[in-house]
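Trainee: Could we go through this one together, slowly? I'd like to get used to reading side-chain contacts.

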Amino acid sequence: MPDIRHSIQVDAAAQLVHPLVASAEGFSRWWASDVTENKATGNVELGFFNRATAYARQPVAIAAPRQAHWLC
């Protein structure tokens, strides 16, 4: 499968957006209510439809306030 890369531009200050896309807590505030985090690795899993669908995310580079790079 080819690599799919997304770069999303939003009209908001990086300091406001970064916390929402750089942590499990942030993802749970806007994307999914079923979010788990492995504190040792930083890996995050987002569950949907009673976990029939789950997205595993591994942090690649998290650098406040401008970068949140995840491998999904």
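Trainee: To start, is Tyr55 buried, exposed or partly exposed?
Mentor: Before anything else, keep in mind that this is a predicted model. Tyr55 is partly exposed in it, since its relative accessible area is 35%.

Trainee: OK, and which residue forms an aromatic pair with Tyr55 that is tilted?
Mentor: That is Trp31, with the ring centres 6.2 Å apart and an angle of 35° between the planes.

Trainee: Why give both a distance and an angle?
Mentor: Because a pair of aromatic rings is described by the distance of the centres together with the angle of the planes.

Trainee: Which parts does the pair of Trp31 and Tyr55 tie together?
Mentor: Trp31 sits in the loop between α2 (24–30) and β1, while Tyr55 belongs to strand β3, so their pairing ties together parts that lie 24 residues apart in sequence. Trp31 is partly exposed as well, its relative accessible area being 33%.

Trainee: How many aromatic pairs does the structure hold?
Mentor: There are six aromatic pairs in the structure. One aromatic cluster is formed by Phe27, Trp30, Trp31, Phe48, Tyr55 and Trp70.

Trainee: Switching to charges, how many salt bridges are there?
Mentor: The structure has three salt bridges. In one of them the side chain of Asp34 meets that of Arg51, at 2.9 Å from N to O. Asp34 is in strand β1 (residues 34–37) and Arg51 is in the loop between β2 (44–48) and β3 (53–63), so this contact ties together parts that are 17 residues apart in sequence.

Trainee: What else does Arg51 meet in a salt bridge?
Mentor: The side chain of Arg51 also meets that of Glu45, and here the N to O distance is 2.2 Å. Through salt bridges that share partners, Asp34, Glu45 and Arg51 are joined into one network.

Trainee: And are those three buried or partly exposed?
Mentor: Asp34 counts as partly exposed at 29% relative accessibility, Arg51 counts as partly exposed at 30%, and Glu45 is partly exposed with a relative accessible area of 30%.

Trainee: Which residue forms a salt bridge with Lys39?
Mentor: Glu37 does, and the closest N and O atoms of that pair are 3.3 Å apart.

Trainee: Is Lys39 buried or exposed, then?
Mentor: Lys39 is exposed, because its relative accessible area is 70% and the cut-off for exposed is over 50%.

Conventions:
Residues are numbered from 1 along each chain as its sequence is written. This is a predicted model: local features need pLDDT of at least 70, side-chain atom pairs count only at pLDDT 80 or more; totals for chains, interfaces and linings use all residues. Side-chain values use heavy atoms; hydrogens and water are left out. A salt bridge is a side-chain nitrogen of Lys or Arg within 4 Å of a carboxyl oxygen of Asp or Glu. Helices (H or I, at least four residues) and strands (E, at least two) are DSSP runs, numbered from the N terminus. Buried means under 20% relative accessible area, exposed over 50%, partly exposed in between (1.4 Å probe, protein chains only). Rings of Phe, Tyr and Trp (its six-membered ring) pair if their centres lie within 6.5 Å; planes under 30 degrees apart count as stacked, over 60 as edge-to-face and the rest as tilted.
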